[in-house]
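Dear colleague,

I am passing on to you the structure shown below.

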Amino acid sequence: MNSWPAVMLPQVSLKNQPLQLVDTFKAQVKLPATRFFSVYVCGITPYDATHLGHAATYLAYDLINRYLTLSHTHFHYTQNITDVDDPLLERANRDQVDWRDLASSQIDLFIEDMSSLRVLPPSDFIKVTDSIELIISFIARLKEKDHVYQIEDDLYFDVAPSLVDLSISEEEAISIFAQRGGDPDRIGKRHRLDPLLWLGNKAGEPGWDSPFGFGRPGWHVECTAIALEFLDREESDCVIDLQGGGEDLIFPHHFMSAALIKAVTDRNFSKFYVHTGMMGYQGEKMSKSKGNLVFVSQLLKDGVDPMIIRWALMIDHYQSYREWSSDLLTRASSDVALVRQALAKSEVYPVAGHLSELIDALSNNLDTPRALSIILKWARQSLDGENSHLLVNESGEMSRALDALLGLTL
Ligand code: ZN
């Protein structure tokens with residue numbers, strides 16, 4: 001489906017500095033200079049868009065997108081929308097609205113939020129409900145390879161052969177699996193961690209015809225089928241270059257996705273895995289069950305400048321646990337005011353040294369806390385009367401760099 005309008009990136013030279021990221025499993029990795037880089041980031045389930053945890057996650061991949069695009073890499077970015085899933089159906093049922101209307105209203109809100117925050121749009125923005133044929137044919141391939149079994153009207157994936165790749169104990173995996181939508185205790189399963197591939201239809205739920213009966217797909221297989229269709233160029237032993245999402249997706253979702261891809265293609269799913277830290281509020285991780293979600297749309301409605309939200313989301317590092325607070329917003333607001341004051345001057349402190357440091361900071365695993373402190377230092381130096389003999393007409397250069405590298409139009 002259509003995403004949101006593209007944003008023109010002003011050109012900034014990155015001094016051929018490669019981007020280094022901390023991979024979830026391999027520690028620090030230097031991204032190779034390639035002409036093409038494929039990225040799949042798991043998208044929203046549109047029943048409660050877009051809280052600040054989501055926004056912070058998409059912002060992290062946006063920074064990677066900006067950096068690599070400015071390095072003349074073709075960044076092919078696919079993001080799905082899980083627009084048929086248990087939490088969405090439950091919410092629609094609770095609120096007595098059609099699940100399609102709920103999904104569509106929340107997708108619109110997500111698009112508005114991303115656009116306001118100047119997040120670059122994905123190359124492909126794919127609804128699961130538009131991908132049912134793809135998913136069915138993926139499951140058919142799994143079946144041909146004998147990785148599928150049936151309990152009543154439901155199909156399961158036989159995950160046991162893939163468990164050698166598990167980075168946590170089976171016991172821990174089962175506990176997380178149960179908390180994140182899995183059904184380890186269902187009678188008849190071959191292994192407690194086997195995930196659902198296809199759910200036979202239950203009264204009142206949406207469904208589609210398939211060779212396995214009328215029903216709907218399970219969670220993990222949706223992303224793998226979409227990624228394989230839109231991103232695989234069959235050129236390497238990995239289907240994509242980078243898989244992203246919040247760290248709560250490491251297990252089971254990304255583990256299961258990789259296992260499914262391997263079972264169908266005999267290849268690894270992703271060369272790199274980069275996950276984002278969770279966002280907290282009032283001392284606890286933001287979550288629907290805790291009821292401590294802060295929504296981008298609400299902040300925008302309250303008149304908060306989206307560039308201040310964006311700045312606030314970059315004050316802490318994307319892989320750390322972050323805590324949202326009104327103090328953070330106040331701090332972002334005064335930081336942005338200071339930088340705007342400097343940018344409004346016709347003569348500013350020379351930018352070359354600071355730009356070079358800014359690129360160093362971002363190339364080092366997107367060190368935005370350092371990047372923002374460099375910008376603030378430059379702003380203070382520009383506003384300090386003692387530097388008046390040094391000032392030059394370069395505020396446009398800083399402004400373009402902030403826009404291109406950090407998505408900040410100040
Ligand atoms: Zn996914």
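In which loop does Ala344 lie? Ala344 is in the loop between α10 (326-343) and α11 (352-363), where helices (H or I, at least four residues) and strands (E, at least two) are DSSP runs numbered from the N terminus. At 66% relative accessibility Ala344 counts as exposed; here buried means under 20% relative accessible area, exposed over 50%, and partly exposed in between, with a 1.4 Å probe and protein chains only. Ala344 and Gly396 are 52 residues apart along the chain, and their C-alpha atoms are separated by 9.4 Å.

Please note that this is a predicted model, in which local features need pLDDT of at least 70 and side-chain atom pairs count only at pLDDT 80 or more, while totals for chains, interfaces and linings use all residues. Residues are numbered from 1 along each chain as its sequence is written, and side-chain values use heavy atoms, with hydrogens and water left out.

Overall form

The protein chain contains 13 helices and 14 strands. Its C-alpha trace spans about 80 × 45 × 40 Å along the principal axes. A compact globule of 410 residues would have a radius of gyration near 22 Å, and the 23 Å of the protein chain agrees with this; the radius is taken over C-alpha atoms, and the globule rule is 2.2 Å times the number of residues to the power 0.38. Of the 410 residues, 57% are buried. Among contacts with a separation of 6 or more, 78% join residues 24 or more positions apart, a contact being heavy atoms within 4.5 Å.

The peptide bond from Phe251 to Pro252 is cis, with omega near 5 degrees.

Ile139 lies in helix α4 (residues 132-144) and is buried, with a relative accessible area of 0%. Leaving aside neighbours within four places in sequence, Ile139 is in contact with Val148, Leu155, Leu197, Trp198, Phe212 and Val221. Of these, Leu197 is 58 residues from Ile139 in sequence and 7.2 Å from it in space, C-alpha to C-alpha.

Two positive phi angles

Which non-glycine residue has a positive phi of about 50 degrees? That residue is Glu152, placed in the loop between β6 (148-151) and β7 (154-157). Glu152 is exposed, with a relative accessible area of 65%.

Asp266 is not a glycine either, and has a positive phi of about 65 degrees. Asp266 lies in the loop between α7 and β11 (268-276), and is exposed, with a relative accessible area of 63%.
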